[in-house]
Amino acid sequence: MTYHPKSDFMRVMIERGYLADCTDYQGLDEALSQGVVTAYIGYDATAKSLHVGHLLNIMMLRWLQKTGHKPITLMGGGTTKVGDPSFRSDERPLLGPEQIDANIEGMKQVFAKYLQYGDAPNDALMLNNAEWLDNLNYLEFLRDIGRHFSVNRMLSFESVKSRLDREQSLSFLEFNYMILQAYDFLELNRRYGCSLQMGGSDQWGNIINGIDLTRRVLDHEIYGLTSPLLTTSDGRKMGKSQGGAMWLNADMLSPYEFWQFWRNTTDADVGRFLKLYTELPVEDCERLGALAGSEINDAKIILANEVTALCHGAEAAAAAEATAREVFEKGGVGDDLPTLELTSDEVGDGISIVQVIVRAGLAKTGKEAKRLIAENGARIDDQPLTDAGLMLDAAALAAPVKLSAGKKRHALVKLG
């Protein structure tokens, strides 16, 4: 892209690879270079924690604040009751108010690590769209807001079109989601002077709707900016691993496992991920990403340390690296390894090794655990595990037992 930005924020977005599209590059750049711009990203409360897939956009909010602007993290207490249909093949399960509130509490823990909340001009705001969505009057809303939406146009958006093309049902409830998200932008502009919405490129249609609605109702100039939808170089969706989602809350995924996820980055992704997920200077990211052979492993450790320090603190990053060195280089047992504690009652006269592998999270099913053993992918205390019928009794668990699946996944098993 040949556009040369005036503002620090747009320069960072372009240089580090955060930018997929923008509704008006020059207009937004001009606004950013003239004063404090307030921008928001919305997060529906579908789980108790955000995951690595959200991290790109959280970093965008962090850079926004670092370059002097004001971020809003908008919790979808209202929109979660409807569910975003974007690019999904089925309807989301609907959550009750208590579950939504509990999820929001869990998600808040992460934002506080990346953003400074408070009363200063560019301190972040944490808002909940239930504040204005919960008490909407349906008839007034249809008359004042609904009349601005063309169904023909809504049907043309890729997120809706892809669902209809596959002849998959799209409920009227979900169809309303994009109207509610557009209304969020209008309300944030009216209440807080918010003039920029950011999100993944799958949100482009929803963002455009909000800009159109705000221009029609308030006649205000506002902007949209999207980030690329990231996949790893081997085509997997960012943030997913064999074990499921890579959560950002320590109580749902240990800092060691989080660190290990980044340490296992594919060589081809290292430079790109350093730019997106750390604050190291761009030149350093490019130099580290270009390393070859075994040296690229040093770059992966830097990546894992930097990302983990931002999410869990520098001490957790250092502890994870120390554990990894202990486990991989010396074949020892690290303190930070994911641990399965078994009670004496559970062990009884003996517990099957297959069951233990599944419960430790190293395989999803007994069948998968047996296949792991059959294919020589399992080890117990660093020795090959070849007997799928092995039973562990209390004597075998007198000291913690280290289980390994492949070279990179380990767990401790001990008696509680």
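Helix H6 (residues 138-144) supplies the largest share of a nonpolar patch, namely three residues, where helices (H or I, at least four residues) and strands (E, at least two) are DSSP runs numbered from the N terminus. This is a predicted model, in which local features need pLDDT of at least 70 and side-chain atom pairs count only at pLDDT 80 or more, while totals for chains, interfaces and linings use all residues. Residues are numbered from 1 along each chain as its sequence is written, and side-chain values use heavy atoms, with hydrogens and water left out.

The patch on the surface is formed by Tyr-138, Leu-139, Leu-142 and Phe-172, which together have about 480 Å² of accessible area (Shrake-Rupley method, 1.4 Å probe, with only the protein chains shown counting as cover for residues). Patch residues have over 30% relative accessible area and no salt bridge, like charges being joined within 9 Å and nonpolar side chains (Val, Leu, Ile, Met, Phe, Trp, Tyr) within 5 Å; a salt bridge is a side-chain nitrogen of Lys or Arg within 4 Å of a carboxyl oxygen of Asp or Glu. Leu-139, which lies in helix H6, is exposed, with a relative accessible area of 65% (buried is under 20%, exposed over 50%, partly exposed in between, with a 1.4 Å probe and protein chains only).

Elsewhere, five strands form an open sheet of mixed pairing in the order S9-S15-S14-S11-S12, two strands being paired if DSSP finds at least two bridges between them. The edge strands, S9 (339-342) and S12 (383-384), each pair on one side only. S9 pairs with S15 (residues 409-415) in the parallel sense over four bridges, and Leu-342 has Leu-415 in S15 as its bridge partner.
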